[in-house]
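Please keep the structure open while you read.

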Amino acid sequence: MKVARLSKRRTEAHEALEHGRITKNGQTLKPAYQVKPGDVLEIHYATKFVTVRVREVPLRVTPGVKPAELYEIVSSRNDEATQWM
């Protein structure tokens, strides 16, 4: 998530996984889950839900990696009623 810029920091991504804010097929993911190309993930931000399809998973962070090429946004919706603390 950090490499693809879906999260600002690794710790943020880790906390989101621990608190069940990232799901695949309705199932919460654990921090050890290995994301694969083709996975469709739903990410719950503070007031927004974003569904992305993973296109590519780089082995490491390099300056040449363009985040827009790593995933595609399937859907995005705002949800003012849900507030994650």
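1. Start with asparagine 25. This residue counts as exposed, at 68% relative accessibility. That class follows because exposed means over 50% relative accessible area. Asparagine 25 sits in the loop between strand 1 and strand 2. Its backbone deserves a look: phi is positive, about 55°, although the residue is not a glycine. Bear in mind throughout that this is a predicted model.

2. Which residue does lysine 24 pair with in a salt bridge? The partner is aspartate 39, and the closest N and O atoms are 3.3 Å apart. Lysine 24 is partly exposed, with a relative accessible area of 21%. Aspartate 39 is buried, at 6%.

3. The structure holds five salt bridges. Another one joins the side chains of arginine 77 and glutamate 42, at 3.8 Å from N to O. This pair links distant parts of the chain, with arginine 77 in strand 5 (residues 71–78) and glutamate 42 in strand 3, 35 residues apart. Arginine 77 is partly exposed, at 44% relative accessibility. Glutamate 42 is partly exposed too, with a relative accessible area of 23%.

4. Then take arginine 55 and glutamate 72. Their salt bridge has its closest N and O atoms 3.9 Å apart. Here too, distant parts of the chain are linked: arginine 55 is in the loop between strand 4 and helix 2 (67–70), glutamate 72 is in strand 5, and 17 residues separate them. Arginine 55 counts as partly exposed, at 45% relative accessibility. Glutamate 72 falls in that class as well, at 29%. The pair is part of a network of salt bridges that links Arg53, Arg55 and Glu72.

5. How many residues make up the largest nonpolar core? The core has 14 residues, and those with the most contacts inside it are Leu6, Ile22, Val52 and Tyr71. Helix 1, strand 3 and strand 4 are the elements that give two or more residues to this core. Strand 4 gives the most, with three.

6. Setting aside residues up to four places away in sequence, tyrosine 71 touches Ala4, Leu6, Val52, Arg53, Val54 and Arg55. Arg53 and Arg55 are also members of the salt-bridge network.

7. Glutamate 56 is in the loop between strand 4 and helix 2. At 46% relative accessibility, glutamate 56 counts as partly exposed. What does glutamate 56 touch, not counting residues up to four places away in sequence? The contacts are Pro37 and Leu70. Proline 67 is 11 residues from glutamate 56 in sequence, with 9.8 Å between their C-alpha atoms.

8. Valine 3 lies in the segment before helix 1. This residue is partly exposed, with a relative accessible area of 22%. Beyond residues up to four places away in sequence, valine 3 touches Pro58, Val61, Val65, Pro67 and Leu70. Leu70 is touched by glutamate 56 as well. Look also at valine 3 and threonine 62: they are 59 residues apart in sequence, yet 8.6 Å apart in space, C-alpha to C-alpha.

9. Valine 3 leads on to the largest pocket. The volume of this pocket is about 830 Å³. It is lined by 29 residues, and the closest to its centre are Met1, Lys2, Val3, Tyr33 and Val35. Helix 1 (10–18) and strand 4 (48–54) each supply at least two residues of the lining. Which element gives the most? Helix 1 does, with five residues. By type, the lining divides into 21 nonpolar, three polar and five charged residues.

Definitions and conventions: Residues are numbered from 1 along each chain as its sequence is written. This is a predicted model: local features need pLDDT of at least 70, side-chain atom pairs count only at pLDDT 80 or more; totals for chains, interfaces and linings use all residues. Side-chain values use heavy atoms; hydrogens and water are left out. On a 1 Å grid over the protein atoms alone, a cavity is a set of points where a 1.4 Å probe fits but cannot get out, and a pocket is an open set with protein on both sides within 12 Å along at least five of seven lines; lining residues have an atom within 4 Å of a point. Grid points are joined across faces, edges and corners, and a volume is the space filled by probe spheres set on the points. Helices (H or I, at least four residues) and strands (E, at least two) are DSSP runs, numbered from the N terminus. Ala, Val, Leu, Ile, Met, Phe, Trp, Tyr, Cys and Pro count as nonpolar, Asp, Glu, Lys and Arg as charged, and the others, Gly among them, as polar. A salt bridge is a side-chain nitrogen of Lys or Arg within 4 Å of a carboxyl oxygen of Asp or Glu. Buried means under 20% relative accessible area, exposed over 50%, partly exposed in between (1.4 Å probe, protein chains only). A nonpolar core is a set of buried Ala, Val, Leu, Ile, Met, Phe, Trp, Tyr and Cys residues joined through side-chain atoms within 4.5 Å. Contact means heavy atoms within 4.5 Å.
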